[in-house]
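This report covers a helix pair, a chain-to-chain contact and a strand hairpin.

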Amino acid sequence: MKNTAILGALISFVLIGCNEDFLEELPQDAVGAAPVFGSESGLQLYSYSFYNVLPDAMDIFTGDYISDYGSRRDITLYLSPGAFSANESSGWSWSELRNINHFIVNNDDEDIPLEVRQHYQALARFFRAWFYFDKVKRFGDVPWIGEALDVDDPALYNARDPRTLVMDSVIADLNYATTYLKPAPDPTRSLITRNVAHAFLSRVALFEGTFRKYHTNYGLEDTSDDLLAIAVTAAEAVMESGHYQIHTGSGPAASYRDLFVSESPVASEVILAWIANESLSVMHAANWHYTSSTTGIGFNLTRDFVNTYLNLDGTPFTNTPGWETTVFSEEVRDRDRRLSQTIRTEGYSRISGGTTIIMPPSFDYTNTGYHPIKLVQDDMIKDTWTLTTSSLPIIRYAEILLNFAEAKAELGTLTDADWAKTVGTLRARGGITGGLNNVPIVADSYLQEYYFPEISDPALLEIRRERGIELVMEGFRFYDLVRWKKGELMEKVFNGIYVPALNLPMDLNEDGDLDVAFYQNSLPNEVIPGVEYLNVAETTEDGSVNPRILSNGDHGEILWFWNHPRVWEEKHYLYPIPETDRLFNPALGQNPGW
Amino acid sequence: MFTTGPTLPAVFGADPPRGNYADLETRGWELVLNWGDNFSVDNKFLNYSIRLNIADNKSKILKYNNPEYRLTDYYEGQTVGEMWGYVTEGFFTSMDDIENHADQTFIRQSDGRILLPGDVKFRDLNGDGVINAGDNTLDNPGDRQIIGNSLPRYTYGAQISADWNNFFINLFFQGVGKQDWYPSAGASIFWGQYNRTYNTIPSWHLEPGIIWSEENPDSYFPRYRGHNRLGSDVPGSALAPQTKYVQNVAYVRLKNLQIGYNVPHTFANKIEAKAARIFIGGENLWSWSPLYKRTRDVDPENIRRSDSIVRPSATYNAGDAYNYPILGAVTVGISVTF
């Protein structure tokens, strides 16, 4: 009897002792919602996953692989007649968005101070804007999704939303980000801050504003000025923050290239960067891709583009009499110093096993003779495999200045002061002495003839020249041509250095050693050791078509891949929706022409 | 059946969750025959026994949420393991042949989608003048049909043992009566340079009649092409699943063999042992498969992914004979019991 009473007491004690909290066990091998959304450190940890949305080093240094000013040694599938269809299309991946939306919907724990939550909400919305900007650039109309959808949500099968709606949402996200992100600058240049959001907003608004202005078939020209005004305001916010300036610390001959070969980002100019870290083995393969005769696509600049680099006195090279027939070693002399930091010219040297050696353009690699060095570190040991240790800019101040200048020029409000602090500053960094303070008043005939015949505004022409030169190989060109509706420039044959005669050995970098000579069909009787002899006959020894010829047969510019036409049609301004995804949800439809 | 959920549009942004999504019906049969007897040979009994077993089953999907009957997912009425592919008519013989045939540009032979004599030629099954994969659904599979089944059928075994005058022998054969295999995109062991131009060439590719050339138009493999010839699972690629390259991977294998001699007690007692035996044994000593007519580089027992349940993603193990190989072993032994 006594025992029963004790037992009864024990049971009731145990029953009272139970409550639901006690039964709640959190998983030990995974993070549930509460620890993430219930603390600032949880929000911060989650937010690091958003950064996967940003381009990585490979995306950056291969970003101009489809462009007008870069030759390549393989077929550009996208532009080859009949080669590209919806079956080859890609980029319809949405997993990053789900991750971001899950955060946006769940970031509502009232135990966390409001401004902390708003900061992280702003961060998430910044990345959502980045995600959707990429999608709109590539596909135009895309479905707008603002939450992490359930498996049975009918919205999974929605049609696409118009680009106007999606871009309004992108700009709303960025306006939220510029309001609520913490203003403090990040010295590492790897985190998103308020200035990064302003900078990105200027990029987005300039893209969409000019896209709508020049793609008149959309009938959205009326909305263009508002977007351009946003681009101006956003760029101004960055410029007035005082955190950034154009890097000139190493002088005109080296400052520009510092930005792309330094191990840590040049913090004065770089706003956001992909950070390399050798000790953590975070490296990339730019050296490899820009020096290997097999890896990568063999990207080289074309002569048409190199011609746009100004003389040091600020006059166009293409106004110099006889410029068409100037040989390489002479044409690169006394030009904008950014040219000698973009391609191999006289005095370029590299490091091999600790020894400095002079390097001329190498026709093992280059097809045109304009051999890129902008993204290549000097030490040759980094040329093989993924060993390049430079941090690469994702957004830098020079772009913001160019966004500002272009938007103002498009709006017709560009002043001399604007010119001086934007294009003038960038040209001064390249050592140019003339034309730095006043908006140009003469339309450049070369730019009009070779690039933009429909543009008559001298300032706009010069800003486009400047954008091409300053941002070359940083992944802007394709979508610049898209928004200017100049895709057909990508049909141009890749041209290279001027060759005055056959069997004439040339010293490209003026170091006293002859580097290259061109012949047809058979080598000359006397072959000079150390000189690379290249056949420019239309057919090679084995009877196949020779991709390298001279424009006038026995002299002229090198024409590379002249036998493979590239075709740009109206449809190419938008990529096709991948066929498997379109089949899965026919409501998506297909972009016109595909 | 606990399995992957129906494929969702990419905008879902994640893999479909797994769950109890399918109803599966498996029907089959099993047969075991046992026979044991003895007779006298040289005044000593020869005991023998034979045990044969054979089993077969077929599984059907009874329920799965796939109203469009997409071939990428299970669908109602599907036989588990079925393989879809084109019907290979042969190789194009001339440019005229290419022009007179249904439009086959969907099948990518080169970046420029240019067809040449020696490229595979597919039958226009639905007669629409275009070779393609349709909507990739049961109702519109394009020019594809069921070309085989990847699951083993008629699995069998045979155990034979006999003993006579202290000698004994045990044999165990095992095999599969019917099974198809389509070497997948990464199966370099099978495709060689048809997969990637820089692969090593399997020696059997160099035998006469394997690689196409103008002098050898009736070869097994088509014309050598560049990088796009991945023997991919993608319906648009040149070596996409098709009747010609379905491999018959039925096989029979001598899984185990034991031959031995039980030492007589009289002799064993002399060394003060209770019992003693001498034997020789072997595992995986012999096998035969129709696949061997093509290549012995691939073991028919070793083509499936080895750990597909623990690690569902093909990233870890794609099969295609890339598993740890099946080892042969020979054992020689003396066993003495004191």
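Two residues are in contact if their C-beta atoms, placed from the backbone, lie within 7 Å. The model is a predicted one. By that criterion, chain A puts 22 residues into the contact between the chains and chain B puts in 16 residues. On the side of chain A that touches chain B, helix H6 (95-106) and helix H21 (579-584) of chain A each supply at least two residues. That side of chain A is made up of 14 nonpolar, six polar and two charged residues.

Within chain A, helix H16 (residues 397-411) packs with helix H17 (residues 416-429) at an angle of about 135 degrees, and their axes are 9 Å apart. Angles over 145 degrees count as roughly antiparallel and those from 65 to 115 as roughly perpendicular; H16(A) and H17(A) are therefore oblique to each other. The crossing of H16(A) past H17(A) is left-handed. The table lists the residues that make this contact.

| Helix | Residues in the contact |
|---|---|
| H16(A) | A:Ala398, A:Leu401, A:Leu402, A:Phe404, A:Ala405, A:Lys408 |
| H17(A) | A:Asp418, A:Thr422, A:Val423, A:Thr425, A:Leu426 |

By class, the residues of the contact of H16(A) with H17(A) are seven nonpolar, two polar and two charged.

Chain A also has a hairpin of S4(A) and S5(A). Strand S4 (residues 349-352) of chain A pairs with strand S5 (residues 355-358) of chain A in the antiparallel sense, over four bridges. A:Thr356 in S5(A) is the residue opposite A:Ile351. Two residues lie between the strands of this hairpin, and A:Gly353 takes a positive phi near 60 degrees.

Conventions: Residues numbered from 1 in each chain as written. Chains lettered and ligands numbered in written order. Predicted model: local features only at pLDDT ≥ 70, side-chain atom pairs only at ≥ 80, totals over all residues. Axes fitted to C-alpha atoms, helices over the stretch in contact; angles between N-to-C directions. Parallel < 35°, antiparallel > 145°, perpendicular 65-115°, else oblique. Left-handed = near helix turned anticlockwise from the far one by under 90°. Nonpolar A, V, L, I, M, F, W, Y, C, P; charged D, E, K, R; others polar. Pairing = 2+ DSSP bridges.
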